[in-house]
Amino acid sequence: MVDPLTARIVLALVALVALVLFYVGTYRATRARYALWWCLALVSTGISTAAYSFNGSTLQVVLNPLANMLAVGSTAFVWFAVRAIRGRRPAWAALAGLIAVVLCATVLGHPAEDEWAGAGVLIAAMLACLVLAAHEVRMLLRERPRSDPADPHDSSRTALLALYASSVLFGAWYGARLVGFVVLGTDDARLEEWFGTFMTSVVLVVVLLIATYGMSELSHYELTRELRFRASYDYLTGLLSRGEFLARAEQRRAWPQGPKVLVEADLDHFKTLNDALGHAAGDRALLAFGSVCRQAVEGIGIAGRIGGEEFAILLDSGNLEDARVVAARISERYGAEAPVRLGKATVSYGATVVTRGESLEAAMLRADDALYKAKHAGRDRFEFVPRPAL
Amino acid sequence: MLDVETLRAIQPVITACVFALAFFGTYLPTRAPYAGWWSASAASAGIGSITHLAIDSWGDLAIAVGDALTVGAAACVWGAARSLSGRRVAAWWLVPAPLIVAAIALVEAHGDVAGMPGTLAVILGTGGYLGLAAWSLRGLLRHRSLRRGPGTLHAARVAIEAMVASTSIIVVFYAVRAVVYVTLGPEHVLYTHWTGPEATIVTVMLFFVVVTYSVTELSHLDSSLRWRDRAMRDDLTGLLARGAFMDLAEEALLHASGGGRRLVLVAADFDHFKQLNDTYGHAEGDRALRAFGEACRGLLRDDDLAGRIGGEEFELLLAETDLAEARQVCERLVAAFARSYDDSAIAAPTVSFGVAVADPSIPLPALIARADAALYQAKEQGRDRVVIADSES
């Protein structure tokens, strides 16, 4: 025969240890809302478990209703934690309503004598919170892009799957308990044996461990998001950074859809502009080019800043005419938007075709040659160097 | 107070959960060796605790196998601790001790020994391996990259502290257990009450929870450090990016003003870089930048900072240096830079330097302006030279 008190003590201890680790390690690093809600869920699980341990003593009349309130609170906090990840506010009214209903049902059920006072309502309320939480996680999984190209080991997905698994497991358990409670009734010994304290504690320990894992994975994802962004994008133009452009271009080069056009772009007379009007004017020109270029290649390729005033574009298409059109569009808008005009703001382009069979560096060198041709032919033009025949 | 049967029923569930999280959640995505060791430990402990449940049907054999697996689990914790500190553990190192413990258990089962056969051997074997693990982990507390750093590394720091603390606690627990067992015997109330199976199961379960959290956090340490590095560095030259250089230089100036350490700021700029680019193409220009970055990294000390501030502009912040030494550093940089072009048809671009001594009373932007003014003078005077800023200006 198992001992319910032992199971409760184990659950309370696991919750306490998870709380201390999560608070000191994860919450203090992120200070994120959802981490705070998860701490509160752990606290209320621990206290409610401790309060249930007084069942059978004279304190039961006070502590049993309190434990029920905290139990429904802990599931509501799980729900709030997931809502916070989605950027939504806690549903205070729903929480107050649920606590009031559970408290009424418990008080009406003679908590002094009956350990199961208000249990049916409590289980139904907890189940409701968990279903809502599981639903929110599902929405999160659907909303997030399947994978972030900047981050091949996408820990946010693992984290969300862990959270989903734990909320579904938790919810399924309370669903089963509710069915058991309705079908068997509190007088049946099998209710305690199958759906009672011991089994619930074991399920809760497992849920706690999985969900804490999911929450700390998620925190890590959030914490590195800014670093990943800083590493992947150029701070001034908002285009890809050099390293990120080369990495992604390398990936795309290996795509099976055939050759692609690689274009190098260089702002004309940039040094003159910088020297004559100062670095701030130069920065504004770069910024303008960045935004024009980003719009022009959106959805049809990638663009990065690979040097001071040098940019690179890799189009998904292998058709040179497409590249000419893109370059013309960029030049036209940049000419109109570049804030400082010393004559007309122009751009030179050098293009080549890159195929799967050659290295990216070789293609970059050819694009560089093409750019050199464009510069020497008088700038403000598009030149092409074909791939040498094999 | 605690019921051992209940604990024995919960333990495999927790261990299975810990195994699943460590193996599927951490080891498979990251392939971190310590996560692998930790999964192995959880698996071994879990199977060990299930084997103990089969005593009724298997008898002494169940005890021996269970004991071996328990000690094996502790051995894997040592493996995890060693690989966390970057040292290797060969799997066969872990085989002998569990076999010896199992043999002792079998021998004692046939002899006339009080209590469970092999208990002392299990306590000593488990405690011993955990002690080795705690010893290996100690060094991690001084991990250089963890000493200072942004919030990303905070969690990893806490994870290591939690792991060291929990391992130390469990080692102390096993030591007390062994002492009580030897001096008072397995029947004594002190042993059964405070260090018996109930207390052991609870302690081990909580230890598992702590280590699983820590292993999860630490598995992110590598990727955090990598992203931090990528965010801070210019990836052509490998030197600090502009923002990171400014932040770190600001911090260094702040420290120096307290400790009275001398810092020298050097501004460097390639001569005629535009011509190089236009004549030989951007690839040549990139090569020059890369070579200069390499020269800087090869020459500077740990406390020095080097950043690429613009296209061909660099700033160096030299620690514990005077003007004569700073001038020497510039000359050696130029020499190393030129050497990297030894096998090349063209020569390395020449470099102009402006040098300014840090003064606690002037902020970083003013210091940079001072070095830039000296650099401008170097360009005016014909390039390819070092000019020291007039400290009165």
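This is a predicted model: local features need pLDDT of at least 70, side-chain atom pairs count only at pLDDT 80 or more; totals for chains, interfaces and linings use all residues.
Let's begin with the domains. In chain A, the assignment gives domain 1 at residues 4–232 and domain 2 at residues 242–384. Chain B is divided into domain 1, covering 4–226, and domain 2, covering 234–388. If you take the centres over C-alpha atoms, those of the two domains of chain A are 53 Å apart. For domain 1 and domain 2 of chain B, the separation of the centres is 52 Å.

Now turn to where the chains meet. The size of an interface is often given as the accessible area lost when the parts come together. Here, about 4400 Å² is buried between chain A and chain B, and carbon and sulfur atoms give 69% of that area. On the chain A side, A:L21, A:Y213 and A:R242 supply 13% of the area this chain buries against chain B, more than any other three residues. Counted by contacts, 53 residues of chain A touch 51 residues of chain B.

Two helix pairs let you look at this meeting of the chains in detail. Two packed helices are described by the angle between their axes and the distance between the axes. Start with helix α1 of chain A and helix α1 of chain B, each spanning residues 4–30. Their axes come within 9 Å and cross at roughly 40°. An angle of that size makes α1(A) oblique to α1(B), and the crossing is right-handed. From α1(A), the residues A:T6, A:A7, A:V10 and A:V14 take part, and they meet B:T6, B:L7, B:I10 and B:I14 of α1(B). Sorted by class, this contact between α1(A) and α1(B) has six nonpolar residues, two polar ones and no charged ones.

The other pair joins helix α8 of chain A, residues 197–232, with helix α11 of chain B, residues 221–232. Their axes lie 7 Å apart, and the packing angle is about 30°. That angle makes α8(A) roughly parallel to α11(B), with a left-handed crossing. In α8(A), the contact is made by A:H220, A:T224, A:L227, A:R228, A:R230, A:A231 and A:S232, while α11(B) brings B:S223, B:S224, B:W227, B:R228, B:R230, B:A231 and B:M232. The classes in this contact of α8(A) with α11(B) are five nonpolar, five polar and four charged residues.

Finally, let's look at a pair inside chain B. Helix α4 (residues 60–84) and helix α5 (residues 96–110) of chain B have axes that come within 8 Å and cross at roughly 150°. α4(B) and α5(B) are therefore roughly antiparallel, and they cross in a right-handed sense. The residues of α4(B) in this contact are B:D60, B:A64, B:D67, B:A68, B:V71 and B:G72; those of α5(B) are B:P98, B:V101, B:A102, B:A105, B:L106, B:A109 and B:H110. By class, the contact of α4(B) with α5(B) comes to nine nonpolar, two polar and two charged residues.

Note on methods
Residues are numbered from 1 along each chain as its sequence is written. Chains are lettered from A and ligands numbered from 1 in the order in which they are written. Side-chain values use heavy atoms; hydrogens and water are left out. Domain bounds come from an automatic or database domain assignment. Axes are lines fitted to C-alpha atoms, for helices over the stretch in contact, and angles run from 0 to 180 degrees between N-to-C directions. Helices (H or I, at least four residues) and strands (E, at least two) are DSSP runs, numbered from the N terminus. Angles under 35 degrees count as roughly parallel, over 145 as roughly antiparallel, 65 to 115 as roughly perpendicular and the rest as oblique. A crossing is left-handed if the near helix is turned anticlockwise from the far one by less than a right angle, and right-handed if clockwise. Contact means heavy atoms within 4.5 Å. Ala, Val, Leu, Ile, Met, Phe, Trp, Tyr, Cys and Pro count as nonpolar, Asp, Glu, Lys and Arg as charged, and the others, Gly among them, as polar. Buried area is the accessible area (1.4 Å probe) that two parts lose on being put together, summed over both.
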